[in-house]
Amino acid sequence: MKKTLISIIVPVYNVEKYISRCVESLIGQSYKNIEIILVDDGSTDESGMICEQYANKDNRIKVIHKKNGGLSDARNVGIKASTGLYIALIDSDDLVAPEFIEDLYKQCMLTDSHVAICRYCRFENEIVQRSATENNISVITGEEVIEKIYQGIASEYGFVAWNKLYHRSLFENIKYPVGKIYEDTVTTYKLLLLAERVVLVGKPLYFYRVR
């Protein structure tokens, strides 16, 4: 049986220093049936060319070049172009663990969840040793996740877009607001509200670059 296709969407804008490491971490995923959509949002540096170089090496990578419209617009374009049953949104200067997609997708399947969320670690130049946090798994409703994040009980999961795996059906009527600051905050809670079940994965699988 063919494995489910999962889409990974990466908005790219003037990140020539960081995009290679990001893409390498995606190419190296243990779950292989992925499409990686790199949305070059009008970069003025070498980012677009670097994306094309990776697309020439790996046929799972697609590059979309567009006029600069901002992060939300790039995400919306990538989501529209995607064909996977599940969608991950990755920032172009960040990194993910090799098992990021496999672990989140596995938990979605085991728990019949529409969203899986992992913990994340911050880093500046090099990733420090990952936290020894237990890999505890919990399944709750989307509404409960929102309450826990607001209460600070699950703040390490957050309203950010990028440490999550979403069933594509959640995006049928929801788009990221173009031109808005903190676009994650005003969108993620809407997606979570649509999810009957959300699985929280205690393992830190996403690495957020502080810069």
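At what angle do helix α5 (residues 142-151) and helix α6 (residues 185-194) pack, and how far apart are their axes? In this predicted model, local features need pLDDT of at least 70 and side-chain atom pairs count only at pLDDT 80 or more, whereas totals for chains, interfaces and linings use all residues. Residues are numbered from 1 along each chain as its sequence is written, and side-chain values use heavy atoms, with hydrogens and water left out.

Helices α5 and α6 pack at an angle of about 140°, their axes lying 6 Å apart; axes are lines fitted to C-alpha atoms, for helices over the stretch in contact, and angles run from 0 to 180 degrees between N-to-C directions. The two helices are therefore oblique to each other, given that angles under 35 degrees count as roughly parallel, over 145 as roughly antiparallel, 65 to 115 as roughly perpendicular and the rest as oblique. Their contact (heavy atoms within 4.5 Å) is made by G142, E143, V145 and I146 of α5 together with Y189, L192 and L193 of α6.

For helix α1 (residues 19-27) and helix α2 (residues 47-57), the axes come within 10 Å and cross at roughly 25°, which makes α1 roughly parallel to α2. From α1 the contact takes in I19, S20, V23, E24 and I27, and from α2 it takes in I50, C51 and Y54.

The largest pocket has a volume of about 290 Å³, where a pocket is, on a 1 Å grid over the protein atoms alone, an open set of points where a 1.4 Å probe fits, with protein on both sides within 12 Å along at least five of seven lines, and lining residues have an atom within 4 Å of a point. A volume is the space filled by probe spheres set on the points, which are joined across faces, edges and corners. This pocket is lined by 13 residues, of which L71, D91, S92, D93 and R211 lie nearest its centre, and the elements giving two or more residues to the lining are β1 (6-12), α3 (71-81) and β9 (198-209).

The second largest pocket, with a volume of about 170 Å³, is lined by N76, V77, I79, K80, R168, F171, E172, I174 and K175.

Conventions:
Helices (H or I, at least four residues) and strands (E, at least two) are DSSP runs, numbered from the N terminus.
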